[in-house]
Amino acid sequence: MIYEITKDITYDRDMTPETLLPTMEDLKGKGARFLTISVKDVSETDVELMYHYEIEDHVENFHMVVPKDKPIQSITGVYIAAFIAENEAQDLFKVTFKDLAVDLGGKMLKDDISPSTLLKSATGSQPPIMRKLGKCREECPAMVNIPKYIREVETGDPTAAYNTILDRAPIPAILGRVCFAPCQEGCRQEQETKPIQIRLLKRSAADGFKELNGGLKRDITCKAATGKKVAVIGGGPAGVGAAFHLGLLGHKVTLYERANTLGGAMAWGIPKYRLPKDVMNEELMARLDEVGAEVKLGVEVEDLDELMNGYDAGFLAIGADKCNSLRCEGEDSEGVLNFIDFLTAVNVRDETPDLGNKVIVIGGGNSAMDAARTAKRLGVEDVTVFYRRTQQEMPASLHEVQGAMEEGINFDFLSTQMKITPGKPLKVYFQAMVPGEPDESGRRRPVPVEGVGSTVEADTIISAIGYNVVVPASMGVEVDRRGRIAASETLKTNRDKIWAGGDAVFGPTSVIASLRDARIAASEIDKYLGGEGLDEAVVDLSEFVTRQVDIDDLMGLPQANIPELFPDERVTSFIEFEQCLAKDLAVTEASRCWRCDWNE
Amino acid sequence: MPKFLGNIISNLFGKPATVAYPFVKPEVVPGTRGEISFNMLQCDQCQDCERVCPSAAITVYPEEKKIEWKPFSCIYCHVCVSTCMHRAIEPSETVKAPDYKVKTKIFEE
Amino acid sequence: MSKGKLTTIPFGPQHPVLPEAVQLQFYVDEEKIVDVLPNLGYIHRGIEKAAELNDYRRNLYLCERICGICNIIHGQTYAGLIEKMTDTEIPIRAKYLRTIWAEVARLQSHLLWLGLFGEAVGFESLFMKIWKDRELVLELTEATNGHRVHLGTTVIGGVNKDMDGKLQSRYLKDMDILTKEVNDWADVFRKDKSFLSKTVGMGILSKKDAIHSGAVGPVIRASGIPQDMRNNGYEAYGELDFEPITYDTCDVQGRVLVRLDETYQSIELIKRAIKQLPQGPIAVKNEKFPDGEVIYRTEQPRGELFYYGKGDGSIHLERLRIRTPTIPNIPPLLGMLVGHNVADIPSIVHSIDPCMSCTERITDVKEMA
């Protein structure tokens, strides 16, 4: 059967003003029926006329482009019925027809304003709300294209998802295990208490890619070599990220790292049960090998002037490693460790120090949780964490605190250390506190309760109340009043050719924030060296993303649980206790996404 | 005339074909598209409803957490009801009554 | 013959016979019409330009509001246009449901016209009776989706409302009641002497003139040419054994009979489609933005509706051209009127079923909403 709907209509004849009337006479002889004339502006001066006719059940179209200022020959001599369409064209497109049989002179339509009908780019008078980036993407410091890779995980394509994440955050296998996931707090489904487990999906993309590919290294081609050399000082996330982005843009990068392993704070700070060191090394070396960067381990850079003679630009990512002091009497006693020394010994040098039977950890952040859980796995029976505010105000991630509680670690809130008495065992006097007025971070400042306190005994005390940056003076860069490197908004320091980023500039933050700095600095360095830089995260109006249709079925799906070992299995060793989501569970979890960046 | 006689007699003695409207409310069919109201406790200012509205009757102010709805521009198509993922727009079956002035409705927390 | 001057009589824009506003200027010589000039554009709303400013999904709601009586078919034609531009194939059940509702629209429109024509010719209680029967159809529409006139069930990719068993049996029952009611008064149009004296032999449109001046709809079908877009088999018409109805009389009475028989035919088509309704989903999603140029022609109660759309792969359409069926019927009207008496003007003008709000124009839209 013939469907009276045709796509990509062919123009049977391209007419010119000379052939117009003979074509019409020909059609009249064939008994064609006149349908209508469609008119369209093609530019400021030209107008396009399309004549539609019906000949024996199908439509034929004739096409003519003429300038607007000259009169167009009318066809009412042949087809009288065309006078309405031609009068309409006269009124609206400001063209004139000559020999028009019924000429209403531009007054057919009862409108006396003179409209301009040139097609404008139509963002129009409807509210110009175009595509959004998605709240998860806006919360991520590095602006990873989260909705896109969730869709790619849903189609079961880990390679595409891996490449999407790598564009802005080059270490997905590590981030899938350690990131504190601000994106999950931005997820709009948080209101129904079922946010998408974005971190687990990232890990399943990375692990899926590794399984398909036999490793984490990809086969990619970088841009053409520019002949410029860049030095990156520091092998943590900011350093490796900057080396990767700069290498992709065609520069020759040399990475200097003081320790004997790459990773920086990821190497010494994150315990092995959270991030196995072989995974970390594999991923970092894979990125550096893909771009052909040179790695110099065990080399400490002191004098920047001498180093920069051989390079065209430099990036400082030296990180932070000076522990804050407990500020109480007796903090230098034997048995009081700071968490950086303790964790470095366990994580990097694989030592198993003997901590006795009872350990106290002072602090409330993620490092305190790491220290406490590491101590538990070293065989200590009684581990207690003392924090000076309440549980709700702890800066540690919720699942770290819950995991620690499940493993049998005790917590004591609203206690501040006042005095440590040396000896075996150590004695600590803790003062009870109550929450007072809020300070500048919004949390309530603890106020001591006069006369109420207790003395606790312990074999070892681990202090984990924060750390800061130490910049060697020989580097010659300017520091701000807190000791961090002073950098502008584009991460440029006061020294010529030197940029800086990561913990060294902003203080201890997170892996993902360092990766953001790495990308910004790489873009700026590339522009300085004559390139174009990297692109920003903007909406793409030409991409078609469909919305979810079956909302009721979608809301009934439960949130995927984090697959973990049981607490009593976990504390016996340092194996990685969190496992990867099974493939079908990952696909179901990805299908729950609401696609807040829809564009259809 | 004789043909219409049966009709005339049945019309004369039968009940009227019309409904005495303001005094007798007609039956409301379930599924009638009537006025909408916004539940601001559920709304998270994502502006999806503003984007799909065909007649631009919804304006969302994200900072002030306020929604302005124009009942005289609205065409009662209920596309916004099926678009909102939090189910924050509640449809009802009462049809809008006529009014003297064109007003807008503001919904706030 | 006259000795010089012709009288000018303006007919419209407001006239008791006209449902919509159009002005015709008659040049009259002592009761005989000599010439006619039309004046259009009273219901100019700028729909084609507004269609360029909207994104393509919102245009559906705009196109549905071009005309009040035939709104369902405008919506379905636009949705069919976009579906072709995005290469979407709608499910078979959606095609049947769209066909059923298009026929309901046609039924309602023909009943409206028959009532108005009866009143224009002088039969007032006939008008009341026909419109009372039309209420059955409107209550059926209300039972489907809650609104009497704007059904609002079309979406791009299918329909958004399904007909369950209870609704289907209500349709079948109401169609039987309607047939009985229509049979009561149908003979007035066929056999009543005072009616026939006003319609037979009036407004002659010969076969050759009909094709050449581009008439559409019942106007051309009353001149013996079986031109009906439903014959092309779009939506589900191909599976319902459809044949166009023609009469050979070429006058106003022929047009009345065509519309009366089409009322019976619509009732039959609705019953047949409901009995044959296949199972399946009712909507699919489109996969990309509209792209390419498409022409789609469907059949409205008044004739052939022509849509031309051009997309360029983005969210806005580049051009939308709509030509509604009353426009091509005006040149035949001007030819039909010459030579008749002034007293015959209402019935002849009304016989082409002028639905002027379907006429749309493009202009710069100063403010929307």
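Chain B is more spread out than a compact globule, because its radius of gyration is 21 Å, well over the 13 Å that the globule rule gives for 109 residues. Taken along the principal axes, the C-alpha atoms of chain B fill a box of roughly 75 × 30 × 20 Å.

Chain B also touches chain C, in a contact that takes 13 residues from chain B and 15 residues from chain C. On the chain B side, this contact has seven nonpolar, five polar and one charged residues.

| Property | Chain A | Chain B |
|---|---|---|
| Radius of gyration | 34 Å | 21 Å |
| Span along principal axes | about 115 × 60 × 50 Å | roughly 75 × 30 × 20 Å |
| Contacts joining residues at least 24 apart, among those at least 6 apart in sequence | 68% | 70% |

Chain A has 20 helices and 22 strands, and its radius of gyration of 34 Å may be set against the value near 25 Å that a compact globule of 600 residues would have.

The chain is divided into domain 1 (11-98), domain 2 (135-216 + 543-591), domain 3 (229-318 + 478-528) and domain 4 (322-467). Between domain 3 of chain A and domain 4 of chain A, the C-alpha centres lie 31 Å apart, and the contact takes eight residues from domain 3 and eleven residues from domain 4. By class, the domain 3 side of that contact has five nonpolar, two polar and one charged residues.

As for confidence, chain A averages a pLDDT of 84, and 94% of its residues score at least 70. Over residues 114-125 of chain A, however, the pLDDT is below 50, although this stretch has 25 contacts in the model beyond near neighbours in sequence. Where pLDDT is low, the predicted coordinates should not be read in detail.

## Helix 11 of chain A

Helix 11 of chain A covers residues 277-290, and the 20 Å between its end C-alpha atoms agrees with the 20 Å that its 14 residues should span at 1.5 Å a residue. Within this helix, A:Met280, A:Glu283, A:Leu284, A:Arg287, A:Leu288 and A:Glu290 are buried. An α-helix has 3.6 residues a turn, so residues three or four places apart point the same way. What covers the buried residues of helix 11 includes helix 6 (172-178), helix 9 (237-248), strand 9 (252-257), helix 10 (265-269) and strand 10 (294-297) of chain A. Helix 11 is followed by A:Gly292, whose phi is positive, near 70°.

## A residue in chain C

C:Thr77 lies in helix 3 (residues 71-85) of chain C. Why does C:Thr77 count as buried? C:Thr77 is buried because 24 other C-beta atoms lie within 10 Å, where the cut-off is 20 or more. Leaving aside residues up to four places away in sequence, C:Thr77 touches C:Tyr296, C:Thr298, C:Leu305 and C:Tyr307. C:Thr77 and C:Arg134, by contrast, are 57 residues apart in sequence and 24 Å apart in space, C-alpha to C-alpha.

How values were computed: Residues are numbered from 1 along each chain as its sequence is written. Chains are lettered from A and ligands numbered from 1 in the order in which they are written. This is a predicted model: local features need pLDDT of at least 70, side-chain atom pairs count only at pLDDT 80 or more; totals for chains, interfaces and linings use all residues. Helices (H or I, at least four residues) and strands (E, at least two) are DSSP runs, numbered from the N terminus. The radius of gyration is taken over C-alpha atoms; the globule rule is 2.2 Å times the number of residues to the power 0.38. Two residues are in contact if their C-beta atoms, placed from the backbone, lie within 7 Å. Domain bounds come from an automatic or database domain assignment. Ala, Val, Leu, Ile, Met, Phe, Trp, Tyr, Cys and Pro count as nonpolar, Asp, Glu, Lys and Arg as charged, and the others, Gly among them, as polar. pLDDT is the predictor's confidence in each residue, from 0 to 100. A residue is buried if 20 or more other C-beta atoms lie within 10 Å of its own, exposed if 12 or fewer, and partly exposed in between; C-beta atoms are placed from the backbone. The expected span of a helix is 1.5 Å times one less than its number of residues.
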